[in-house]
Amino acid sequence: MTSIPDQELEYHYSPSQWSHRMSPNEVIADHLDAQAQGSKHSLWTLDCETEISYGDSERQKLDIFDKRNSSKKGAPIMVYFHGGYWQVKELGREVSSCLAVPLCNAGATVVVVGYDLTPDVTLDTIIQQIKKAIYYVIDLAKERESKGIYLSGHSAGGHLAAMMLMSSFSDFDPFDCELIKGAMLVSGVYDLRPLTKTSNNVALKLTEEDAWRLSPQNFVKEIAQQSQHRHIVLAVGEYDPPEFRRQSGEMEKMLRKFGVKTSYLDIPDTDHFSVVDKLNEPGYLLTKECIRLMGL
C-alpha cells in the first residue's frame, strides 16, 4: 500500500498531470485523437468483424481483426482491453484497435473488447462481463485451432486483464485455462485501494474492502497458480506517474517470487498515453515485445 498522504493521491493517480509532452487537457485530447485515428486505420486496412455481441448491453461487444486474405487457422490471439478508469465514455472499443495493424501483419488475430462503464454498472459487473468475453474468445481459439490467447490491456484495462489471469475458465473444459499463454499489462492499476481517496471513486463507489477484493495484487497467489505456463509482461512509460510505475514493479516482483515467468519493461520517452498510442508503429519497442510474446 502506498505511503502517500490521502490529499495527494488525486494528483498521483491523475496520469495526465505527469506527461512530459503537453498539458493535462492537451494530452488527453491527443490520446483520444491518436486512438481514433489508429483505429480508423485498422478498420480500413484489415479484415474485421465488428460489433459482435458477447452480452446483452450495447457496450458488451467485441471486434475481431485479421490480416487481409490471411489464413486464420493457428494464429495466436491478442485480446485488448481499453483504459479510462472504467468510466471514460470516449474510450470505447470503437477507438481502441490502434494496435491491430502491426500485430495482424505479423500473423496474429487481434480482439478488442468493449464493456459497460461505471457508474452505470459496478466494477464487479464489469469483471463478470470481461470473463464472458474471454469465454467467447476461448471458443474462437478452439474453432481456429489457435496457438494461444494473450491478454493485454492499458491502465484500467491492465487491471481487467490481470483479474482474468486468476480465473480458471474451466467450467466446461480443464484445458481452457491453458489456452491463455501470456499477458501484456501496460501501465495498469493492481491495487485499487488508493483510488478510493480520489475523484475517480465518485463513479466507482468502492469501499476500501471492495477495492482490495477487486485488486489483482490481492490474488497474486491465485494468478501465479494459473500462470505457471505463462509469460507475463508488465510495461510502464518512463513518464508514467510514479505510483503506476511502483504498482507495476511490485506486481512483477510478487509474481516472479511465485515462480511465474515475468518481464518488466520501462519504455523510454513515453508517458501514460503515448506508451499505447505508439502501438500502431511496427518498429516500436512495445509492439515488437507483443509480437515476440506471441512467438511470431
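Where is the place of asparagine 69? Asparagine 69 sits in the loop between β2 and β3 (77–81), where helices (H or I, at least four residues) and strands (E, at least two) are DSSP runs numbered from the N terminus. This is a predicted model, so to speak of local features a pLDDT of at least 70 is needed, side-chain atom pairs count only at pLDDT 80 or more, and totals for chains, interfaces and linings use all residues. Residues are numbered from 1 along each chain as its sequence is written, and side-chain values use heavy atoms, with hydrogens and water left out.

Now for the chain as a whole. The protein chain holds 11 helices and 8 strands. Its radius of gyration is 18 Å, close to the 19 Å that the globule rule gives for 296 residues, so the chain is as compact as a globular protein of that length. That radius is taken over C-alpha atoms, and the globule rule is 2.2 Å times the number of residues to the power 0.38. Along the principal axes, the C-alpha atoms fill a box of roughly 55 × 40 × 35 Å. Of the 296 residues, 58% count as buried (buried means under 20% relative accessible area, exposed over 50%, partly exposed in between, with a 1.4 Å probe and protein chains only). Among contacts (heavy atoms within 4.5 Å) with a separation of 6 or more, 76% come from residues 24 or more positions apart.

As for charge, the chain carries 31 positive and 41 negative side chains, and the centres of the two sets lie 5 Å apart. Here Lys and Arg count as positive and Asp and Glu as negative, with His and the chain ends not counted; each charge is placed at NZ of Lys, CZ of Arg, CG of Asp or CD of Glu.

On to the cysteines. With a disulfide taken as a pair of cysteine sulfur atoms within 2.5 Å, the count comes to 0. For cysteine 98, which is in no disulfide, the nearest cysteine sulfur is that of cysteine 290, 11 Å away. Cysteine 98 counts as buried at 2% relative accessibility, and cysteine 104 counts as buried at 1%.

Cysteine 104 turns up again beside phenylalanine 65, a residue of strand β2 (residues 61–66). Phenylalanine 65 is buried, at 1% relative accessibility. Leaving out residues up to four places away in sequence, its contacts include Leu43, Leu46, Cys48, Ala100 and Val110. Glutamate 252, in helix α9 (residues 242–257), is buried as well, at 7% relative accessibility. Beyond its neighbours within four places in sequence, glutamate 252 is in contact with Leu234, Thr262, Ser263 and Tyr264.

That leaves the backbone. Most residues other than glycine have a negative phi, and most peptide bonds are trans. Asparagine 69 has a positive phi, near 55°, and is exposed, with a relative accessible area of 76%. Serine 187, in the loop between β6 (180–186) and α6 (201–204), also has a positive phi, of about 50°, but serine 187 is buried at 0% relative accessibility. Threonine 118 and proline 119 are joined by a cis peptide bond, with omega about 5°. Proline 119 belongs to the loop between β4 (109–113) and α4 (123–143).
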